Amino acid sequence: MFNFHLSYQWLHWRRPVSRPLPRLPDGVERFFVQTAGGDVEVLYAKPKGPAKTSHPHPHPRPHPLFFAHGGMGGAWVWLEYLEYFSARGIPCYAVSLRGHGNSWYPSFLHMVYGTTKRMLADDLVAGIRWAQERESGNEVVLVGHSSGGGLSQLILSEQDVKVKGLALVAAVPGFGSFRVYVNWWLLDPWFTLRMVFHGWHPNSPLSHPALTKRAFFSEHVTDDLVKRFQQRINSYESFLWPLGMGYSFVNPRKMLPQITSNTATGQRILILCGGADKLMTLPVMTRLADMYRAAFFNLSRRRKLDAVGDEINSISEEGQQDTTGQGVRLCVVPGAGHHLQNDVQWEVGAQKLLTFYEQL
């Protein structure tokens, strides 16, 4: 009634029961990386043949792509991308942070009220270091979605790792996500009241497939796909993760030197957003691009980066929404929602990520 969608079917207060691990597509393997807390799942897609790239001087050993999921997700949200890029000769990894996918699960109280963004960032760092060691030190191109994109900015700002390039996919902005949650409250007027009925369960805003579709997907996604997605989201989520990103948590001047792309005039950061994303809207993502472009300009002018500032231009074949310049490539996937890598337009986003990868 009135789109309230009050349901308890999809809410859980206990760790998932042990069950057989989900079957993976051909060519995708599952590994577990030991951390201080427990084992963290990493999916790996082996390259299928030599790298297929339009780069005039392709690297003899392609830099691996490393994917980080956002809230309620897991490595599984990247399966389409793992298959897409491995088919083009690029090694691919995707991590499930603690309490997600098939990684170790903290208890409800520990996860919801005791798991900080720094703890989750440590899982991401552990996965990246494991992958880079497996790739003989070859730096990854880090791809982070939503809150995982926030963690990606955090670990670079904290100088935990160096990466070849950074792709932020509908990512929580480093200047803070307060505006994002205002967008969610405007989208769902029953947000707070439903949380009260659910005893402040963190999954309340996504406690029904209709709510998940409205927040995460475009109208073109089928109800069957959304239901299958709903069945895989984690049992409960950390409150401290998004709360820790409510306000500015990144220093762009510390973050940018951690991206080691040595193409003087190339773009080091890709910001990829869905044209129909109701949370990380285009104005939010444009502001994020502006923040990193300003930092890139200042660092390159002061010779703190081995880079040359260039003009910001529209990418002609992509229309007026896609722009490139000052170290940042801003691209829009028309019609896609927040989970653009799982929406019906996912291949458009994958192609734009591939174009960015090739120019690194």
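**Salt bridges, a buried helix and surface patches**

In this predicted model, the side chains of Arg 30 and Glu 41 meet in a salt bridge, with a nitrogen-to-oxygen distance of 2.7 Å. Arg 30 belongs to strand S1 (residues 28–34) and Glu 41 to strand S2 (residues 39–45), so the pair ties together parts that are 11 residues apart in sequence. In general, side chains of opposite charge can pair when their charged atoms come close. With the distance rule applied here, the count comes to nine salt bridges.

A further salt bridge is formed between the side chains of Asp 122 and Arg 118, where nitrogen and oxygen are 2.8 Å apart. These two residues are four residues apart in helix H3 (residues 117–134), and Asp 122 and Arg 118 are therefore separated by about one helical turn. Asp 122 counts as partly exposed because its relative accessibility is 38%, and Arg 118, at 30% relative accessibility, likewise counts as partly exposed. The side chains of Asp 223 and Lys 213 also meet in a salt bridge, at 3.3 Å from N to O. This pair links distant parts of the chain, since Asp 223 lies in helix H8 (residues 223–230) and Lys 213 in helix H7 (residues 209–216), 10 residues apart. Asp 223 has a relative accessibility of 56% and therefore counts as exposed, the cut-off for that class being over 50%. Salt bridges that share partners also join Arg 118, Asp 122 and Asp 160 into one network.

Helix H4 comprises 12 residues (residues 146–157), which at 1.5 Å a residue should span 16 Å; the C-alpha atoms at its ends are 17 Å apart, which agrees with that expectation. This helix is mostly covered, as 12 of its 12 residues are buried. Among the buried residues of H4 are Ser 146, Ser 147, Gly 148, Gly 149 and Gly 150, and the list continues through Leu 151, Ser 152, Gln 153, Leu 154, Ile 155 and Leu 156 to Ser 157. Just after H4, Gln 159 takes a positive phi of about 60°.

Most residues other than glycine have a negative phi, and most peptide bonds are trans. Against that background, Met 72, which is not a glycine, has a positive phi of about 70°. Met 72 is placed in the loop between strand S3 (65–68) and helix H1 (79–86), and with a relative accessibility of 8% Met 72 counts as buried, the limit being under 20%. A positive phi is also found at Gln 326, where the value is near 55° in a residue other than glycine. Gln 326 lies in the loop between strand S9 (323–325) and strand S10 (328–333), and its relative accessibility of 12% means that Gln 326, too, counts as buried.

On the surface, a nonpolar patch with about 1,200 Å² of accessible area together is formed by Phe 2, Leu 6, Tyr 8, Trp 13, Leu 109, Tyr 113, Trp 190, Leu 193, Val 196, Phe 197 and Trp 200. Helix H2 (108–114) and helix H6 (191–197) each supply at least two residues of this nonpolar patch, and the largest share, three residues, comes from H6. Trp 200, one of the patch residues, is found in the loop between H6 and H7, and with a relative accessible area of 43% Trp 200 is partly exposed.

A positive surface patch is formed by Arg 253, Arg 301, Arg 302 and Lys 304.

Finally, Glu 347 is found in helix H12 (residues 346–358) and, at 48% relative accessibility, counts as partly exposed. The C-alpha atom of Glu 347 is separated by 8.6 Å from that of Glu 80, although the two residues are 267 residues apart along the chain.

Conventions
Residues are numbered from 1 along each chain as its sequence is written. This is a predicted model: local features need pLDDT of at least 70, side-chain atom pairs count only at pLDDT 80 or more; totals for chains, interfaces and linings use all residues. Side-chain values use heavy atoms; hydrogens and water are left out. Patches are made of residues with over 30% relative accessible area and no salt bridge: like charges are joined within 9 Å, nonpolar side chains (Val, Leu, Ile, Met, Phe, Trp, Tyr) within 5 Å. Accessible areas come from the Shrake-Rupley method with a 1.4 Å probe; for residues, only the protein chains shown count as cover. A salt bridge is a side-chain nitrogen of Lys or Arg within 4 Å of a carboxyl oxygen of Asp or Glu. Lys and Arg count as positive and Asp and Glu as negative; His and the chain ends are not counted. The place of a charge is taken as NZ of Lys, CZ of Arg, CG of Asp or CD of Glu. The expected span of a helix is 1.5 Å times one less than its number of residues. Buried means under 20% relative accessible area, exposed over 50%, partly exposed in between (1.4 Å probe, protein chains only).
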